[in-house]
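My notes follow the display.

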Amino acid sequence: MGYKEKFTPEELKAINKYSWISALFNLVNGIILCYVNNTRIKAGTYHLYLVTLLLIVSTFMTIYITMLYFRKLNKIKKYQKRYRFITIMCIILFVLHVSICIGYTADIFTGEKTIITSEYSTLWGYFYTEIDGEEIRLNVPDETIKKLRDNEYIDSAEIYDFNTNTYHYKKKAHVTYYPHSKVLKDAFIEE
């Protein structure tokens, strides 16, 4: 014969909501971590909006979890510490979400940046250049790497710059990207 807890219908409803929202929050947490950290090549503006949408969903869930705790669950004395711990962990995870996603959201409002250069490297499968002492490294799709590599080297003995680790090409490359998230928008070679 089992022992059953006695909860009021209101407490039981709050516990069920809290459990479901916490589970969904953990699902969103997993999606954010897997998508942002494991997607190596990000090309296209939709990445900014997708990550920002996940951050907004995470924000609403964190607010709802916190409100449920302070309005209902902190009054259940026997389980107060358990729910407090889970709420604090959700808030900490939300802060991590913000730190992971803030660059994507900032790029929506600040816009893209365009580099026009004939000195770059695609040797290791990513676009690399150095402009005004700032190193710019972008993971780009293979077809874009191929386009950038098809550019001809200059007719000179100094094809490679050892100071910046870049090659000198005849035609300039136009690379448009988002500076905070390093998401590629577009890349092409001048005609």
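**Charges, shape and cores**

I started with the charges in this predicted model. The chain has 24 positive and 20 negative charges, and their mean positions lie 22 Å apart.

Next I looked up the overall dimensions. Along its principal axes, the C-alpha trace spans about 85 × 35 × 25 Å. The radius of gyration is 25 Å, whereas a compact globule of 191 residues would have one near 16 Å.

Then I checked the surface. Of the 191 residues, 41% count as buried.

I turned to the secondary structure. I noted four helices and six strands. Their order along the sequence is α-α-α-β-β-β-α-β-β-β.

I also looked at contacts with a separation of 6 or more. Residues 24 or more positions apart account for 65% of them.

Which residues have the most contacts inside the largest nonpolar core? They are Tyr18, Leu73 and Tyr83, and this core has 27 residues. The elements giving two or more residues to this core are α1 (9-38), α2 (46-71) and α3 (80-110). The largest share comes from α1, with nine residues.

I followed Tyr83 further. Leaving aside neighbours within four places in sequence, I found Tyr83 in contact with Ile15, Tyr18, Tyr69 and Leu73.

My last entry is a second, separate core of 16 residues. Ile115, Tyr120, Phe127 and Ala187 are among its members.

Definitions and conventions
Residues numbered from 1 in each chain as written. Predicted model: local features only at pLDDT ≥ 70, side-chain atom pairs only at ≥ 80, totals over all residues. Heavy atoms only, no water. Rg over C-alpha atoms; globule rule 2.2 N^0.38 Å. Buried < 20%, exposed > 50% of the residue type's maximum accessible area, 1.4 Å probe, protein only. Contact = heavy atoms within 4.5 Å. Lys, Arg positive; Asp, Glu negative; His and termini not counted. Charge placed at Lys NZ, Arg CZ, Asp CG, Glu CD. Core = buried A, V, L, I, M, F, W, Y, C linked by side-chain atoms within 4.5 Å.
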